[in-house]
Amino acid sequence: MNGELWLTLVDTADIVGFSMTFCVNIVLLFLLKNRGKNLGTYKHLMAFFSVFSIFYAIIESILRPIMHIENATFFLISRKRFNYSTRLGKINSAFYCACFATSFVVSGVHFVYRFFASCKPHLLRSFNMPYLLLWPLGCSIPVTMWASVSYFLYPDTAYTEEAVTNVLKTHYNWIKKENVSYIAYVYSATFVVMFICGYSTWKTMREHKTASDRTRQLQKQLFKALVLQTLIPTIFMYSPTGVMFIAPFFSIDLNANANFIVFCSFLYPGLDPLILILIIRDFRQTVFMFICLRKKNSVDESRSTTRANMSQVATH
């Protein structure tokens with residue numbers, strides 16, 4: 001597909017993804033506050049991920065990224081919504097890279113928590129204060145590395161300036177050359193962490209039946225949610241990122257088709273929390289009851305209005 005069509009799809013995904021991300025995560029935060037007592041400290045991780053997802057969606061919507069792969073080079077082009085310097089544009093691109101990495105790292109921490117809860121309960125104290133503060137510090141290390149690589153190891157050169165000018169002229173000739181940076185994403189070790197912790201959690205849950213039915217049901221629901229939350233980023237984040245990383249090495253010119261990475265990235269933050277709402281029974285039932293109540297009130301109001309109108313007609 002050509003660049004114009006891809007930008008139409010990307011901009012549509014931006015609107016849909018931002019709206020879904022904001023609405024779904026607000027609902028999840030409300031459910032965590034009112035129905036998340038049984039989740040313990042895990043609800044704080046879920047709340048952090050929801051807040052981050054909203055923040056990430058805002059950053060993506062502001063930067064409006066375009067991704068392009070051509071001549072063994074990966075381009076990340078940010079379409080400005082307002083004027084700022086080239087250096088700030090490069091910082092923004094590095095910050096976008098950091099947000100991208102954070103989504104992977106936080107997902108890995110979720111699996112570590114579930115592994116501790118099911119297999120090593122004595123280690124759950126590491127998620128209590130003051131040890132809880134060490135987790136953001138540990139997560140910041142790979143995130144900072146991703147951002148630093150994108151900012152310091154991919155400087156603008158005469159070749160890249162000429163290449164970007166040619167890309168814009170050939171594929172996006174209605175866009176002015178405003179802000180360009182180059183980022184090569186790599187697979188994160190978080191995928192290995194999620195696989196190992198996920199398998200160990202599943203194995204332990206099968207072997208131990210001593211917990212109460214309610215506790216085991218909640219554990220199963222959370223594990224199912226995590227499994228699906230692994231599939232979502234695998235489809236919408238890991239796989240596109242893998243293509244993005246491999247294609248330039250094999251001189252595969254995806255050209256404007258590389259924007260499918262952006263398309264998936266816009267939709268991901270809204271789909272991920274939706275899994276939690278649908279899988280966790282208390283959350284699902286609360287949303288279902290709210291919808292039914294709203295529908296009942298709407299029907300009752302309609303009936304009341306009809307009766308009032310009929311009464312006025314009969315009076316006259």
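Mentor: Here is a walk around Glu-60, which sits in helix α2.

Some bookkeeping first: this is a predicted model, where local features need pLDDT of at least 70 and side-chain atom pairs count only at pLDDT 80 or more, while totals for chains, interfaces and linings use all residues. Residues are numbered from 1 along each chain as its sequence is written, and side-chain values use heavy atoms, with hydrogens and water left out.

For orientation, the protein chain has nine helices and three strands; these are DSSP runs numbered from the N terminus, with helices being H or I of at least four residues and strands being E of at least two. From the N terminus on, the order is α-α-β-β-α-α-α-β-α-α-α-α. Of the 316 residues in the protein chain, 45% are buried, where buried means under 20% relative accessible area, exposed over 50% and partly exposed in between, with a 1.4 Å probe and protein chains only.

Now to Glu-60 itself. Its helix, α2, covers residues 42-63. Glu-60 has a relative accessible area of 1%, so it counts as buried. Skip the neighbours within four places in sequence, and Glu-60 is in contact with Pro-65, Tyr-96, Ser-265 and Phe-266, contact meaning heavy atoms within 4.5 Å.

The partner to look at is Ser-265, whose side chain is joined to that of Glu-60 by a polar contact of 2.3 Å. A polar contact is a pair of N or O atoms within 3.5 Å; within protein, one must be able to donate a hydrogen and the other to accept it, and residues adjacent in sequence count only if both atoms are side-chain atoms. Ser-265 belongs to helix α8, and it is buried because its relative accessible area is 0%. Leaving aside neighbours within four places in sequence, Ser-265 also touches Tyr-56, Tyr-96, Phe-100, Phe-236 and Met-237. Tyr-96 therefore turns up in the contact list of Glu-60 and in that of Ser-265. Across the protein chain, among contacts between residues at least 6 apart in sequence, 80% join residues at least 24 apart.

Most residues other than glycine have a negative phi. Arg-64 lies in the loop between α2 and β1 (65-70). Asn-255 is another residue with a positive phi, about 55°, although it is not a glycine. Asn-255 sits in the loop between α7 (213-249) and α8 (260-279), and is partly exposed, with a relative accessible area of 22%.

On α7, Pro-233 is buried, at 1% relative accessibility. Pro-233 touches Tyr-238, Tyr-268 and Asp-272, not counting residues up to four places away in sequence.
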